[in-house]
Structure formats: C-alpha cells, structure tokens
Amino acid sequence: MSTRIAFLKGHGTENDFVILPDPDNALELPPAAVAALCDRRAGIGGDGVLHVVRSAAHPEAREMAAEAEWFMDYRNGDGSIAEMCGNGVRVFARYLQHAGHVAEGDLAVATRAGVRTVHIAKDGDITVGMGRARLPEGDVTVRVGERSWPARNVNMGNPHAVAFVDDLAHAGDLYAPPPVSPADAYPDGVNVEFVVDRGPRHVAMRVHERGAGETRSCGTGTCAVAVAAARRDGAEPAVTGTPVTYTVDVPGGRLVITERPDGEIQMTGPAVIVAEGEIDGAWLENAVG
C-alpha cells in the first residue's frame, strides 16, 4: 500500500462517502480497511466508500467498459459490498466532474446493478436513471418492539422493505436492523424504510441501510419508497401511460423521484464534494492489521 493515498469526501442529501480515486484498480480494499476509513471517530467517517475505477481495470466491470468508462465499486460502511447506491452514483458523478473526467451533460456509470445513466444539470442537480423496480411477490412484515407493519418488497438492484407508518418515531433508534419476516425473503439482508405521508405525492422517510445503520438518506430507498407509494395510491405508469413523480423527504434533504411509463425510475437531487486530502497508508495498514 502506498505511503499516501488520495481521498475526497462528499455527500448527497447528507448520505456521505469517502471517495478513493483509483483508475487502475491498484488499491487493496479489504472490509477492515473500508470500515476503518468509514469510522467516524478513528477514521475519516462515512456511510460508505466510493472506489473510483476504470471499468476496463476491474474484473466485475470489464464487460461494461464499452458502455461506461468508470465503475463505481461501492462498499458499505462495514466493508461489505453493495450492488448499488443511488446517492453514491450522484456523488460519484460529481467527483468525475470535479476531477475533469466529465463535463455537464450525460454520462454512463457502471455499477454492480448494471450501467446507470446520469445527467449533470447546469443548475447543479444530478439526475440518475436508476433502472426498473422489481416487486417480488410474497407478504413481508417489519417489526420494531411491539409494533409491526406489512411491508412492500421492492428491489432496486438491491433489496428494500417499505413500511408505511403513522409516525417516523415508531421506527425506533434504528441502531440495529429491524426484524423482517419471513427471514428467507432477504437472504443477503435488506434496507428497511419507514414512511409517512406529507401531502399529495409527497412522503417522508427514515431508513436502516444494511451494513451502515440509519443513514441521513438512501437513494435507492427513496426510489423504492416512491414505487411503493405509487402502487399503494393506485398509480402504475406502465398501465396508465403517465409518469408519476413523488417528492421524498429524508433527514438529510429532499429528492424527487419519477417513474416513467417504460418503467425507468429517475432520481434527481444534489451532490457535493466537501474536502480532499491524503490518507496515511501506514495508518490504514495498522488499522487493518
């Protein structure tokens, strides 16, 4: 591991990330290294790591290299690997712009959930094509303490259980993953969203992200919530031919989610680079060891 490792810090609606530029995929990132970097007291602090790699240099992304030059090798704050992170894609795109790799306009980003289309607007907001939602069949229940709710199973490239509640405080402290049943519905864990209504096509949510705990925002979670709310409200763009847009408030801000008749879901919101510097490679080696 090199003596000094370049990093940046960024966030999207306060879902924050350590950004590691590594075009040639030269860094070794075992789970312990990622967890050390994301530690908010002993490390830099973040909900996850955005490992920035050229698609052609990463074995999981080489087949996407013709479509997308850059691969978002995303890791959760505990070091586990995740398929997708919606806020992360926006911050990833902002970094590419910050570094001069891309300009305003359209680009493609490779992720473990496939290639995602991104638009960097002149006003600063970034829109990400999040793909289509899958709605696996089967009843799911979420529980917190003595309370339980039916939940909608929504997959946005990663799994979500969306529960509509009367009060966001009913979600509890969200330090530990809320129990979800049946257990075999999510063999690799699940992100759990608790949702309340704020107005017509306007909701607010809290989320426990698997591998990270409660976060200030979750991009794929806001998309899952918008889809679940639309189905609850009887709106299905593929049937009506009319796009549906929901405003989703998260503790860290606001995102706007649109589901198109072709099933594509678009998420629009801010992304900010707040700092950059160098990591002491010896510190990271000791943290891992």
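Which helix holds the place of Thr-222? In this predicted model, Thr-222 sits in helix H3, which covers residues 219-232. Thr-222 is buried, because its relative accessible area is 0% and the cut-off for burial is under 20%. Its contacts, leaving aside residues up to four places away in sequence, are Met-205, Val-248, Val-250, Leu-255, Ile-257 and Met-267. One of these, Ile-257, is 35 residues from Thr-222 in sequence. In space, the two C-alpha atoms are 7.3 Å apart.

Met-205, touched by Thr-222, belongs to strand E13. This strand spans residues 202-209. Eight of its eight residues are buried, so E13 is largely enclosed by the rest of the structure. In a regular strand, side chains alternate between the two faces of the sheet. In E13, His-202, Ala-204, Arg-206 and His-208 point one way. Val-203, Met-205, Val-207 and Glu-209 point the other way. Both sets are buried.

E13 pairs with strand E12 (residues 191-199) in the antiparallel sense, over seven bridges. Met-205 of E13 stands opposite Val-195. The hairpin of E12 and E13 has two residues between the strands. There, Arg-201 takes a positive phi near 50°. E13 is also joined to strand E14 (residues 213-215), again antiparallel, by three bridges. Glu-209 faces Gly-213 of E14 across this pairing. Three residues lie between E13 and E14 in their hairpin. Gly-211, in the turn, has a positive phi of about 85°.

The pairing of E13 with strand E15 (residues 244-250) is parallel and has three bridges. Here His-202 has Thr-247 of E15 as its bridge partner. Tyr-246 also lies in E15. Tyr-246 is buried, with a relative accessible area of 2%. Not counting residues up to four places away in sequence, Tyr-246 touches Arg-201, His-202, Ala-226, Ala-229, Ala-230, Asp-233, Leu-255, Val-256 and Ile-257. Leu-255 and Ile-257 are also among the contacts of Thr-222. The side chains of Tyr-246 and Asp-233 make a polar contact at 2.6 Å. Cys-223 is 23 residues from Tyr-246 along the chain, and their C-alpha atoms are separated by 9.1 Å.

A further set of pairings involves strand E1 (residues 4-12). E1 runs antiparallel to strand E18 (residues 272-280), and eight bridges join them. His-11 stands opposite Val-272 in E18. E1 is also antiparallel to strand E2 (residues 15-21), through five bridges. On this side, the bridge partner of His-11 is Asp-16. Two residues separate the strands in the hairpin of E1 and E2. Thr-13 in this hairpin takes a positive phi near 45°.

Helix H2 covers residues 86-98 and has 13 residues. It reaches 19 Å from its first C-alpha to its last. This is close to the 18 Å expected at 1.5 Å a residue. H2 is mostly covered, with eleven of its 13 residues buried. The buried residues include Gly-86, Asn-87, Gly-88, Val-89, Arg-90 and Val-91. Phe-92, Ala-93, Arg-94, Tyr-95 and Leu-96 are buried as well. Just after H2, Gly-100 adopts a positive phi of about 85°.

Key: Residues numbered from 1 in each chain as written. Predicted model: local features only at pLDDT ≥ 70, side-chain atom pairs only at ≥ 80, totals over all residues. Heavy atoms only, no water. Helix = DSSP H or I, 4+ residues; strand = E, 2+ residues; numbered from the N terminus. Buried < 20%, exposed > 50% of the residue type's maximum accessible area, 1.4 Å probe, protein only. Contact = heavy atoms within 4.5 Å. Expected span 1.5 Å × (residues − 1). Pairing = 2+ DSSP bridges. Polar contact = N/O pair within 3.5 Å; in protein donor to acceptor, adjacent residues only side chain to side chain.
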